[in-house]
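Please open the viewer and keep the selection panel at hand.

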Amino acid sequence: MQVDISPMQENQRLGWDRFATDHGNGCPYQLSAWTEVIARSYSHDTDYFIATIARGGSELKLAHVNEASESRPDSIGDNTVLGILPLVHIEHWLFGNSLVSMPFCDAGGVLSTDGRVERMLVEHGLRSADALHVPVLELRQYHPLACLDDEGFCGEASQHGQREVQAVPGWRVAAIAGDKVRMLLGLPGDPDALMQSFKAKLRSQIRKPIKDGLTVKVGGVDLLDDFYGVFAANMRDLGSPVHSKRFIRQVLLRFAEKASIFVVYGKSVPMACSLTLGFNGTLSNPWASALRRYSEFAPNMLLYWAMLEYACRQGYRTFDFGRSTLDEGTYRFKEQWGAKPAPLYWYKFSRNGRSSSEGASASRWMIRASECWKRLPVPVTRVLGPKIRRYISL
């Protein structure tokens with residue numbers, strides 16, 4: 001069977017999304033609407049490659065999304081999509097030049113029917129990076145790449161744990177897994193049953209803000225202003241540039257039936273907030289924030305309980321608390337709810353072993369920059385933050 005890999009056409013979006021949804025190992029960050037979110041928010045080029053059964057037994061071909069051929073009739077049926085690979089090109093003189101799947105998210109990467117197609121898509125991504133003169137390809141996966149075990153794809157491990165990619169000369173790959181995990185909690189159908197499963201201390205911590213009169217609203221774009229006020233202030237306190245308000249708005253608009261905003265109020269004052277995305281029985285929480293000056297009221301506890309209660313009532317089977325580092329503060333916070341770690345597999349392919357974003361000096365510079373950022377007024381960070389954040393793929 002010959003395989004055709006080409007840029008996704010507009011009339012293939014439905015087939016792409018059906019494949020991501022029905023596959024079983026797909027994630028919300030692989031849906032095609034992210035092309036519009038990222039393009040409209042940050043103007044990055046996107047390369048969304050789709051693998052299909054080739055017509056007429058034609059050979060595998062390489063095409064760049066900006067050089068796509070004329071739109072062909074939609075041939076995407078239930079059994080003809082073999083794999084997908086979303087890529088975003090991020091280039092900046094200071095923050096580096098890379099193709100990433102997916103930036104700003106925990107995962108994305110390759111999704112395929114088997115190891116052969118997976119391998120072809122990875123090789124295709126590497127050749128695309130070569131064509132664009134991009135030195136780094138990052139693939140973020142919920143599951144390890146099976147193709148790295150295929151004979152002939154990678155050579156022997158080097159002294160730094162990297163392996164030469166034999167199929168595409170000049171590239172090396174290193175897998176990063178172990179310390180970065182996502183925290184998952186299985187949910188019962190009844191939120192009361194979930195509450196009873198918590199330890200007495202946790203139940204008391206949840207009830208405290210309720211007794212103190214804190215309330216929660218769940219909505220969409222209508223709550224964006226309140227969400228962003230808390231989000232921007234919290235990111236400043238963390239020393240990190242904030243996403244643009246336009247980016248959050250685009251997520252809400254492009255995933256209108258899947259995305260929700262939660263805001264905790266104390267006497268009409270926003271104290272904590274979060275954004276959730278629903279996909280295939282899992283409610284994920286990619287962004288959450290709380291204002292430190294209100295920590296005595298524990299709005300964060302009510303915020304997370306509100307999301308969990310909502311997830312149960314909406315029929316979700318799993319709640320994804322998002323990415324954490326093992327044994328750090330956010331990890332322990334999520335662990336107390338009963339969440340269990342699931343490893344994240346992040347692969348970095350580098351041209352000739354080079355990466356423009358690596359090195360101890362870069363890490364020290366980032367630490368100093370973060371400390372300086374914490375001292376800036378929030379209004380200033382709301383203006384400058386998005387101009388920087390768009391180039392930081394984490």
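What percentage of the contacts in the chain with a separation of 6 or more is accounted for by residues 24 or more positions apart? The value is 75%, where contact means heavy atoms within 4.5 Å.

The structure is a predicted model, in which local features need pLDDT of at least 70, side-chain atom pairs count only at pLDDT 80 or more, and totals for chains, interfaces and linings use all residues. Residues are numbered from 1 along each chain as its sequence is written, and side-chain values use heavy atoms, with hydrogens and water left out.

**The whole chain**

Display the chain as a cartoon. It contains 11 helices and 17 strands; these are DSSP runs numbered from the N terminus, with helices (H or I) of at least four residues and strands (E) of at least two. Of the 394 residues, 53% are buried. Buried means under 20% relative accessible area, exposed means over 50%, and partly exposed lies in between, with a 1.4 Å probe and protein chains only. If a surface is shown, its accessible area is about 17,900 Å², and carbon and sulfur atoms contribute 49% of that area. Such areas come from the Shrake-Rupley method with a 1.4 Å probe, and for residues only the protein chains shown count as cover.

**Aromatic rings**

Next, select Phe, Tyr and Trp. The whole structure holds 17 aromatic pairs. Rings (the six-membered one for Trp) pair if their centres lie within 6.5 Å; planes under 30 degrees apart count as stacked, over 60 as edge-to-face and the rest as tilted.

Select Phe262 and Tyr310. Their ring centres are 5.4 Å apart and their planes stand at 85 degrees, so this pair is edge-to-face. Phe262 belongs to strand S12 (residues 259-266) and Tyr310 to helix H8 (residues 299-313), so that the pair links distant parts of the chain, 48 residues apart. Phe262 is buried, at 0% relative accessible area, whereas Tyr310 is partly exposed, at 23%.

Move to Phe319 and Phe321. Here the centres lie 4.8 Å apart with the planes at 85 degrees, and the pair is therefore edge-to-face. Both Phe319 and Phe321 are buried.

**Charges over rings**

Select Arg182 with Tyr142. The charged end of Arg182 sits over the Tyr142 ring, 3.5 Å from its centre. A charge sits over a ring if NZ of Lys or CZ of Arg is within 6 Å of the ring centre and within 35 degrees of the ring normal.

**Two helices**

How do helix H5 (residues 200-211) and H8 cross? Their axes come within 8 Å and cross at roughly 105 degrees. Axes are lines fitted to C-alpha atoms, for helices over the stretch in contact, and angles run from 0 to 180 degrees between N-to-C directions. H5 and H8 are therefore roughly perpendicular; angles of 65 to 115 degrees count as such, under 35 as roughly parallel, over 145 as roughly antiparallel and the rest as oblique. Show Leu202, Gln205, Ile206, Pro209 and Ile210 of H5 with Met301, Leu302 and Trp305 of H8, which make the contact.

**Backbone details**

Finally, select Ser101 and Met102, which are joined by a cis peptide bond with omega about -5 degrees.
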